[in-house]
Amino acid sequence: MIRRRITRKVMVGGVGIGGGAPVAVQSMTNTQTHDVDATVRQIRRLAEGGCDIVRIAVPEKRDTEALPAILEQSPVPVAADVHFHYERALEAIEAGAHKIRLNPGNIRDRKKVDRIIAACRDRGIPIRVGVNEGSVIERKDSDLRAAQKRSLAADYRSEMIRLMLETLEGYLRIFDESNFHDVVLSAKSIDASMVIDAYRALSERSDLPLHLGVTHAGPPETGRIRSIAAIGSLLAMGIGDTIRISYAADPIYEVEDAKELLCSLGLRSRTEPELIACPTCGRIEIDLIKLVADVRRELSTIKTPVRVAVMGCVVNGPGEAEGADIAVFAGKGRGIICVQGKQKRTVSEAEMLNALYEETLAFAQRVERGEVELSPSTVTIASADPLPRMDGSIPPAVATE
Ligand code: SF4
């Protein structure tokens with residue numbers, strides 16, 4: 001059972017982050033933002049894939065000028081990612097962005113931050129304050145930079161975490177002094193174990209909602225392991241209110257993996273079929289790996305969370321497929337198809353894919369008509385005790401949605 005930490009809740013458009021709201025999936029477009037058609041196309045694709053909030057970069061004025069048209073067509077809330085120019089933040093807020101992301105390493109001038117806070121307060125827009133491993137080292141003050149580098153050389157790991165937290169806390173004082181608390185925090189590193197330690201420390205120090213992520217994770221092949229190790233570990237500890245898995249690839253993979261991670265931990269209900277497959281071993285008598293790939297492709301057209309098992313034999317398969325709605329046990333050129341544990345038909349290897357698809361579709365349709373129930377999920381999520389706020393007070397309990 002995962003006991004989630006209770007944090008303050010902020011609203012990003014209609015999507016809640018923190019306060020017991022479901023963990024929100026985020027991704028980021030990689031189109032030129034001012035190319036409205038391409039950006040809207042990608043936002044729609046990400047939203048259809050299960051993305052709750054899409055972030056877009058607004059490096060130039062022409063990008064914030066494109067925002068009204070993008071926002072008008074976006075099916076999900078849009079966060080504007082601001083780098084160096086506070087004017088972009090003000091323009092994005094004025095255009096109606098649902099959230100702003102600021103990097104303390106880039107916009108530090110107090111007056112500029114105050115103006116952004118005031119504009120967000122007027123519009124009821126939250127701000128994510130996010131530091132990265134690469135952005136916390138001092139750039140202007142050469143003496144301070146040299147001192148930081150000496151400390152990092154002595155103990156990189158703890159010094160980097162200390163620097164990230166210190167940078168966040170210094171920046172947050174501006175928000176506290178302005179009595180502005182619609183804030184989400186992030187502290188990303190390339191190193192999964194540093195991400196875990198940084199967020200654990202953050203969750204002990206603050207009740208603000210946390211945006212989990214690993215920075216510069218790389219391509220999906222390697223970034224997936226790095227991201228799931230860090231984000232999955234934190235979520236399992238009950239830490240994290242929104243996640244962004246980031247890859248050097250089409251962002252739809254980020255959304256697919258984020259959804260699968262949340263479903264695997266029982267933090268999000270499945271809306272599509274779940275495929276279970278045996279790992280194969282020396283008992284295998286058919287090309288199960290190809291069959292699994294084919295079944296996965298075919299199941300993508302079904303939108304009911306049926307659990308489907310593809311098993312390589314009838315020896316251990318039935319036990320390993322326990323709980324599946326539909327299962328095929330393949331061997332010796334034929335497959336036995338079972339529906340919720342009852343044997344339904346025996347088909348040849350050539351018929352197996354079609355037969356499994358037909359049975360799954362028929363079962364899904366019966367579920368949709370209310371004639372049969374899906375096999376029960378075994379995962380339960382509970383709210384953890386509320387964390388004390390930074391001033392020591394205890395926030396009121398919030399019901400998990
Ligand atoms: S289901 Fe059968 S073939 Fe597949 S891994 Fe288990 S024992 Fe091996």
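Modeller: Strand β4 and strand β11 (residues 242-244) pair in the parallel sense over 3 bridges, where two strands pair if DSSP finds at least two bridges between them, and strands (E, at least two residues) and helices (H or I, at least four) are DSSP runs numbered from the N terminus. This is a predicted model, in which local features need pLDDT of at least 70 and side-chain atom pairs count only at pLDDT 80 or more, while totals for chains, interfaces and linings use all residues. Residues are numbered from 1 along each chain as its sequence is written.

Biologist: Which residue in β11 is the bridge partner of Gln-26?

Modeller: The partner of Gln-26 there is Arg-244.

Biologist: And how many bridges join β4 to β5?

Modeller: Strand β5 (residues 53-57) runs parallel to β4 and is joined to it by 3 bridges, with Arg-55 in β5 as the bridge partner of Met-28.

Biologist: How many residues of β4 are buried?

Modeller: In β4 (residues 24-28), 4 of the 5 residues are buried; buried means 20 or more other C-beta atoms within 10 Å of the residue's own, exposed means 12 or fewer, and partly exposed lies in between, with C-beta atoms placed from the backbone.

Biologist: New topic: is Pro-75 buried or exposed, and why?

Modeller: Pro-75 is exposed, because 12 other C-beta atoms lie within 10 Å.

Biologist: Where is Pro-75, and what does it touch?

Modeller: Pro-75 sits in the loop between α2 (61-73) and β6 (78-81), and, leaving aside residues up to four places away in sequence, Pro-75 touches Arg-44 and Ala-47, contact meaning C-beta atoms, placed from the backbone, within 7 Å.

Conventions
Contact = placed C-beta atoms within 7 Å.
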